[in-house]
Amino acid sequence: MKKNRYLGRLALTVLAAGFALAFLMPTVLTITNSFMTQSEISANYGKVFSNVSGSEGKTYISETVNLKFIPDKVSLSQYITVLIKSPDYLLKFWNSVILVVPIVLLQLGVASITAYGFTRWRGKVRSFLFFFYVILMLMPVQVTLVPNYLVSDWLNLLNTRWSIIFPGAFAPFSVFLLTKSMRRIPASLIEAAKLDGSSEWQVFKDICLPQCRSALYSIAILVFIDYWNMVEQPIILLPDAEKQPLSVYLSTINSSEVGLAFAIATIYMVPSLLLFLHGEDYLVEGIAHQGSVKG
Amino acid sequence: MSMKTAEIKFGGRGKKPLAAGQGKVKRTWDRSNEHIRDVMHSAAFLGPSVTGVAVFFIVPFLVVVYYSIIRSPLNPEFVFLDNFKAVLGNSSFRTAASNTAMFSAIAVPLAVVLSLGLALLLECRIPCKSLFRTFFLSPMMVPVASVVLIWQVVFHYRGTLNVILASFHVEPIDWLNSKYCLLVIVVLFLWKNLGYNMILFMAALNNIPKELLEVADVEGASAAHKFFNIKLRYLSPTVLFVAILSIINSFKVFREIYLLVGKYPFDGLYMMQHFMNNTFENFDYQKMASAAVLMALVMVALIALLFKAEDIFGKDVEG
């Protein structure tokens, strides 16, 4: 009986480990492959990526691709090229940064003020507004991109970063999550501050914001990863290749630079992975509180 | 004189109603004042966001609706449903819609069941739970663009997967250019989204009253009985929430497809967003507008369903 239970637990652990391996594999492989030399990359994957450029010879037919876990020779040459010799990629990385950081900051700023408004005062109009925000939040990009495109066109923002930053700043996603967490602040806390003669702004700044610190952090991570990963908006609103973020540019890298691509891909995931490792607990808490769409 | 008589006439008793009346006036005045102040305050706090949302989403969306019912911006003749009929009859739109629907139909149930499975797995007594949680959640934080190279290597005609299959004497499959392409994207979708859903399920599992499960244990209920009769009942709102969330996320899968196979994928991977992109490129405002409005209507229907379901299932659990 006891032995059986141990066996069961072992089986479950193996199952979990199997899943974990599958979940980790792509990330880990990208990182380890970024330390390969260009020649090793071409030797391993030449066939896959030469197909793209159409130079497929008969000699390759029997050969297959060799997905390698550990490089034969660890080399930093790809990183040196990316970081020092060709600043083009760093420029694209910088494009991503100056798109995403303003969006995260602005969206959180706008959202915290709005969330306070939705928390402190309720009424028919305001609950209708909130309901409306929820619907807007759930709309897929396919729907919101068309209006965004039209506005950018009217305001002459097309092909500038603002065409992505402005709609991002007012996106209702963080309003929803922040309102949910602000509504968990005990009303007595706010009442007490009001009795002490604090103004609404002071209550907001000195009580609500500090109470929501962990929520703000987890929402910042969620917003960051969403926009760090964006593809749809830049290809429509920012067609100029010079200004496009790395998330789009990575897919256009040609076959001769596959080796570089691994290094760039690794560099690109560093910020979000660091954020994840640092804020995982907040993030988990933030997601867990999302439980339902009703305020 | 009259004041005095009045005072005398009503005496001490008269004072009270008068005072109360005065107070009432003052209070209602105060209250309406407070009401105005509240409105002003809430307007000040909600104003910036409402303005932004109106400028960048609502007003242009109304224009989109307008575009969808006229012949063209240059010839604003009211045609009502013509554009919608044209879009619905358009073969690329049909391909895109059916592919998107097909994808959601495969991916969403899998996303719900597998993430619930993972959450239950982490409920069991296994070592290193938090490490496993981190691992399961990590794909969510990895930009798709970063790992797309690996996926390309795995699913290429001469890629790893076919090499592995070859050792089992399975003929190589051109994963991305055949009817199997949707499966590849489903795998990618699951890889990315399972962790997030799992967290939602874990939170819901945590909220199940422990006493109930203990009673069931005492009564000697089997694990299956506990799962189907207790846990699943409490999880039903979350199951729904995860399902709707997954449907919405499944519309975002264009990202993966675009990065994996580019702008012009195999027919089976032609999604709604591809259709939208093409209309953007051709500046076909009518098609674009009608497609967006149709999509919005489908979404509103889905969301209404979600709210309704939350009502029903929420009550079921509380009651």
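**View 1. A:Ile113 lies in helix 4 (residues 88–120) of chain A.** The model is predicted. A:Ile113 has 20 other C-beta atoms within 10 Å. A residue counts as buried at 20 or more such neighbours, so A:Ile113 is buried. Across the chain boundary, A:Ile113 touches B:Phe45, B:Pro48 and B:Ser49, leaving aside residues up to four places away in sequence. A:Lys92 gives a sense of scale. A:Lys92 and A:Ile113 are 21 residues apart in sequence, and their C-alpha atoms are 32 Å apart in space.

**View 2. Chain B meets chain A through 81 residues of chain B and 78 residues of chain A.** On the chain B side, helix 1 (residues 2–68) gives the most, with 17 residues. By class, this side of chain B has 60 nonpolar residues, 15 polar residues and six charged residues.

**View 3. Helix 3 (residues 91–123) of chain B packs with helix 11 (residues 272–282) of chain B.** Their axes are 7 Å apart, at an angle of about 150 degrees. Angles over 145 degrees count as roughly antiparallel, and the two helices are therefore roughly antiparallel to each other. Helix 3 of chain B brings B:Ser92, B:Phe93, B:Ala96, B:Ala97 and B:Thr100 to the contact. Helix 11 of chain B brings B:Met272, B:His274 and B:Phe275. The residues of this contact divide into five nonpolar, three polar and no charged.

**View 4. Helix 7 (residues 181–206) of chain B has a kink centred on B:Asn193.** The kink is about 40 degrees.

**View 5. Chain B has twelve helices and zero strands.** From the N terminus on, its elements run α-α-α-α-α-α-α-α-α-α-α-α. Chain B has 319 residues, and 39% of them count as buried. Contacts in chain B between residues at least 6 apart in sequence were also sorted by separation. Among these, 72% join residues at least 24 apart.

Terms used: Residues are numbered from 1 along each chain as its sequence is written. Chains are lettered from A and ligands numbered from 1 in the order in which they are written. This is a predicted model: local features need pLDDT of at least 70, side-chain atom pairs count only at pLDDT 80 or more; totals for chains, interfaces and linings use all residues. Two residues are in contact if their C-beta atoms, placed from the backbone, lie within 7 Å. Helices (H or I, at least four residues) and strands (E, at least two) are DSSP runs, numbered from the N terminus. Ala, Val, Leu, Ile, Met, Phe, Trp, Tyr, Cys and Pro count as nonpolar, Asp, Glu, Lys and Arg as charged, and the others, Gly among them, as polar. Axes are lines fitted to C-alpha atoms, for helices over the stretch in contact, and angles run from 0 to 180 degrees between N-to-C directions. Angles under 35 degrees count as roughly parallel, over 145 as roughly antiparallel, 65 to 115 as roughly perpendicular and the rest as oblique. A residue is buried if 20 or more other C-beta atoms lie within 10 Å of its own, exposed if 12 or fewer, and partly exposed in between; C-beta atoms are placed from the backbone. The expected span of a helix is 1.5 Å times one less than its number of residues. The bend at a residue is the angle between axes fitted to the seven residues ending there and the seven starting there.
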